[in-house]
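This report is written for a reader meeting the structure for the first time. Please look over the sequence and the model before reading on.

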Amino acid sequence: MFDNLSNRIDRAIKNLKGEGSISEINVASTVKEIRRALLEADVNFKVAKEITNEIREQALGENILIDVKPGQLFTKIVSDKLTELMGGEMTPFSPQGSPATVLISGLQGSGKTTFTGKLGARLKKQGQQVLLVAADVYRPAAIDQLETLGEQIGVEVYTERENKNPVSIAENAVKHAKTNGKSIVVVDTAGRLAVDEQMMNEIEAVKKAINPSETLFVVDSMTGQDAVNTAKAFNDRLDFDGVVLTKLDGDTRGGAALSIRRVVEKPIKFISTGEKLDNTLDEFHPDRMAQRILG
Ligand code: GDP
């Protein structure tokens with residue numbers, strides 16, 4: 001993951017290793033290389049420009065009389081900047097309520113249903129009484145998929161195959177959860193191939209009806225800039241609480257992970273790697289991700 005970005009940043013900083021001190025010239029060329037690396041990783045142009053300007057100013061402003069080599073200094077500055085860019089502190093996922101309610105949104109194919117299964121397994125392991133809800137009224141296959149996942153993890157899945165109204169399915173599911181002693185309800189909604197008005201109206205209505213304690217937006221990290229644009233479109237309508245980045249196991253270039261927070265101003269809460277349920281679902285730690293990028 002992010003191999004290319006890691007290599008390029010590493011190379012840019014290595015060029016400084018022979019240098020005795022930070023100068024305008026070596027800072028300018030290193031920063032230029034880092035900016036190129038970020039753009040190549042599909043980081044939003046404005047974001048790449050902003051953070052490299054910040055890196056430059058900080059590098060030139062640091063007191064280099066103390067015993068720090070330019071390479072080390074740069075590594076530290078870039079690491080701190082990437083951490084800050086991805087949100088700084090880790091933002092926990094801790095939905096409240098009885099039952100707590102979680103709404104899952106995103107485009108079709110983003111990995112919503114797979115994530116819903118992984119989240120269900122994780123919550124069950126934590127001792128929660130979980131109810132997963134299939135509120136996709138367009139694709140019966142999506143209901144089958146969630147039911148299969150539910151069977152695999154031993155978690156109940158709520159469905160109403162004849163009901164074509166996702167709002168009433170979600171409301172009924174929450175009622176069912178209350179009367180059946182569930183502590184948390186996770187509602188998987190329908191996605192479309194692109195953002196459209198009807199989908200937005202529908203999911204907005206579901207959100208209004210069940211007033212979830214957490215609304216998560218799931219996005220395929222391999223889609224780069226599109227991931228950021230879609231996140232923005234969903235957030236404008238849904239005002240979601242956090243982002244789930246999926247498919248970080250593929251040859252994603254990293255742009256979505258690095259740009260989403262700054263553009264959308266919402267934290268990344270989970271990263272998901274792999275199609276199988278026992279593949280990883282991790283809480284997102286900006287500092288750890290920055291360390292991984294810097295190798
Ligand atoms: P949905 O339409 O948003 O519910 O998406 P699905 O959960 O059905 O996932 C769409 C496709 O992406 C399926 O083939 C999944 O197996 C695959 N998928 C989901 N999450 C991941 C992931 O983290 N990594 C990889 N490689 N594939 C994933």
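## Contacts across the sequence

In this predicted model, contacts in the protein between residues at least 6 apart in sequence join residues at least 24 apart in 78% of cases.

## Overall form

The protein contains 11 helices and eight strands. Along the principal axes, its C-alpha atoms fill a box of roughly 70 × 40 × 30 Å.

## Burial, surface and charge

The protein has 295 residues, and 53% of them count as buried. Its accessible surface amounts to about 13600 Å². Carbon and sulfur atoms account for 46% of that surface.

Among the side chains of the protein, 38 are positive and 42 are negative. The centres of these two sets are 2 Å apart.

## The ligand and its surroundings

For Gly111, the corresponding distance to an oxygen atom of the ligand is 3.0 Å. For Lys112, a polar backbone atom is 2.8 Å from an oxygen atom of the ligand. The ligand taken alone exposes 570 Å², and the protein buries 80% of that area.

## Glu147 in helix α6

Glu147 belongs to helix α6, which covers residues 140-153. Is Glu147 buried, partly exposed or exposed? Its relative accessible area is 27%. A residue counts as buried under 20% and as exposed over 50%, so Glu147, at 27%, is partly exposed.

Which residues does Glu147 contact, once its neighbours within four places in sequence are left aside? Glu147 is then in contact with Val157, Thr159 and Arg161.

The position of Glu147 can also be described relative to Ile77. In sequence, Glu147 and Ile77 are 70 residues apart. In space, the C-alpha atoms of Glu147 and Ile77 are separated by 47 Å.

Notes
Residues are numbered from 1 along each chain as its sequence is written. Side-chain values use heavy atoms; hydrogens and water are left out. Helices (H or I, at least four residues) and strands (E, at least two) are DSSP runs, numbered from the N terminus. Buried means under 20% relative accessible area, exposed over 50%, partly exposed in between (1.4 Å probe, protein chains only). Contact means heavy atoms within 4.5 Å. Accessible areas come from the Shrake-Rupley method with a 1.4 Å probe; for residues, only the protein chains shown count as cover. Lys and Arg count as positive and Asp and Glu as negative; His and the chain ends are not counted. The place of a charge is taken as NZ of Lys, CZ of Arg, CG of Asp or CD of Glu. A polar contact is a pair of N or O atoms within 3.5 Å; within protein, one must be able to donate a hydrogen and the other to accept it, and residues adjacent in sequence count only if both atoms are side-chain atoms.
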